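Trainee: I would like to go through this model and ask what stands behind the terms used for it.
Mentor: Go ahead.

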Amino acid sequence: TADAIWPGWGHASENPALPRAAKEAGITFIGPDEHAMFMLGDKIASTIIAQTALVPCVAWSGSGIVLPDPGDAPLANGSADGR
């Protein structure tokens with residue numbers, strides 16, 4: 001049996017049912033509780049939380065995203081082995 005669970009990254013780390021199930025099974029969940037995971041795992045809810053805390057956010061339309069001019073980007077030169 002396990003004493004603790006750390007979900008890592010990916011689907012398990014975004015599922016609020018996991019910390020709930022761990023608690024019910026008497027296993028320590030290393031991560032946020034189910035309420036925080038639910039709120040921060042939902043893109044709309046997490047953006048509303050961020051905006052409420054006055055964190056700058058990109059507009060819902062994505063219109064605030066500006067890509068740099070490709071001519072200004074640095075260029076990588078050389079092969080993978082460094083020659």
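Mentor: Start with E34, which has a relative accessible area of 33%. The model is a predicted one.

Trainee: Why is E34 called partly exposed?
Mentor: Buried means under 20% and exposed means over 50%. The 33% of E34 falls in between, so E34 is partly exposed.

Trainee: What makes R20 partly exposed?
Mentor: The relative accessibility of R20 is 34%. That value also lies between the cut-offs of 20% and 50%, so R20 counts as partly exposed.

Trainee: Why is the pair of E34 and R20 called a salt bridge?
Mentor: The term needs a side-chain nitrogen of Lys or Arg within 4 Å of a carboxyl oxygen of Asp or Glu. In this pair the closest N and O atoms are 2.5 Å apart, so E34 and R20 form a salt bridge. Side chains of opposite charge can pair when their charged atoms come close.

Trainee: Which parts of the chain does the pair tie together?
Mentor: E34 lies in helix α2, residues 34-41, and R20 in helix α1, residues 17-24, so the pair ties together parts that are 14 residues apart in sequence.

Trainee: How many salt bridges does the structure hold?
Mentor: One.

Trainee: What share of the chain counts as buried?
Mentor: Of its 83 residues, 11% count as buried, the cut-off being under 20% relative accessible area.

Key. Residues are numbered from 1 along each chain as its sequence is written. This is a predicted model: local features need pLDDT of at least 70, side-chain atom pairs count only at pLDDT 80 or more; totals for chains, interfaces and linings use all residues. Side-chain values use heavy atoms; hydrogens and water are left out. Buried means under 20% relative accessible area, exposed over 50%, partly exposed in between (1.4 Å probe, protein chains only). Helices (H or I, at least four residues) and strands (E, at least two) are DSSP runs, numbered from the N terminus.
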